[in-house]
Amino acid sequence: MSLGTDALALVKDVKKFEAQLAKLAKAEKSAGAAIDRANRQADQIIADARATEQKAARYWEEAKIKMASATAVVSENDAKVLAAKEESQRANAHEGRIAKAKQKLEQDSDTLAGDVAAFQLERKEFQARLAEFNDTFAALSKTLLG
């Protein structure tokens with residue numbers, strides 16, 4: 001009977017081994033599914049990272065364009081400020097020339113007023129001499145004509 005007992009023990013060992021193989025196959029299948037899920041999650045994370053990287057690159061390009069635009073506006077404003085300063089300097093110089101011209105005009109006006117006053121005085125003197133000459137001429141004409 002020892003052969004029967006050995007065969008029965010061998011059959012029990014084979015059934016235990018088959019049961020363990022089935023458990024191992026089930027664990028392998030479960031591990032494969034877990035690996036597949038992990039791979040899908042990793043693929044999704046990589047895809048999300050690429051999308052985020054592309055979005056960041058677009059934002060970066062937009063930021064560079066906005067920065068270039070802002071720099072251009074600042075340069076334009078600087079040029080306008082410089083032009084305004086230059087225009088202000090020209091206006092101040094022009095104002096100075098106008099003030100000097102006004103002062104010269106006032107001096108010339110004063111000189112002209114003095115000249116007019118002198119001319120009027122000479123005119124009165126001339127009119128007085130003319131009146132005196134007319135009186136003398138009239139008296140002389142009366143005497144000669146008689």
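A residue is called buried under 20% relative accessible area, exposed over 50%, and partly exposed in between, with a 1.4 Å probe and protein chains only. By this scale Glu61 is partly exposed, because its relative accessible area is 40%. The model described here is predicted, so local features need pLDDT of at least 70 and side-chain atom pairs count only at pLDDT 80 or more, while totals for chains, interfaces and linings use all residues. Residues are numbered from 1 along each chain as its sequence is written, and side-chain values use heavy atoms, with hydrogens and water left out.

A salt bridge is a side-chain nitrogen of Lys or Arg within 4 Å of a carboxyl oxygen of Asp or Glu, and a search of the whole structure finds four of them. In one, the side chain of Glu61 meets that of Lys64, at 3.2 Å from N to O. Both residues belong to helix H1, three residues apart, about one turn of the helix; helices (H or I, at least four residues) and strands (E, at least two) are DSSP runs, numbered from the N terminus. Lys64 is partly exposed, with a relative accessible area of 39%.

Further along, Glu87 and Arg90 form a salt bridge of 2.6 Å, N to O. These two also lie in helix H1, three residues apart. Glu87 is partly exposed at 44% relative accessible area, and Arg90 is partly exposed at 46%. Another salt bridge joins Asp108 to Lys104, with the closest N and O atoms 3.1 Å apart. Here the spacing within helix H1 is four residues, about one turn. Asp108 counts as partly exposed at 37% relative accessibility, and Lys104 is partly exposed at 46%.

Attention now turns to the nonpolar side chains. Phe126, Leu130, Phe133 and Phe137 make a nonpolar surface patch of about 440 Å². Patches are made of residues with over 30% relative accessible area and no salt bridge, like charges being joined within 9 Å and nonpolar side chains (Val, Leu, Ile, Met, Phe, Trp, Tyr) within 5 Å. Accessible areas come from the Shrake-Rupley method with a 1.4 Å probe; for residues, only the protein chains shown count as cover. Leu130 sits in helix H1, which covers residues 2-145, and is partly exposed at 38%. Phe133, at 52% relative accessibility, counts as exposed.

The whole structure holds one aromatic pair. Phe133 and Phe137 form this stacked pair, 6.2 Å centre to centre with 20 degrees between the planes. Rings of Phe, Tyr and Trp (its six-membered ring) pair if their centres lie within 6.5 Å; planes under 30 degrees apart count as stacked, over 60 as edge-to-face and the rest as tilted. Phe133 and Phe137 are four residues apart in helix H1.
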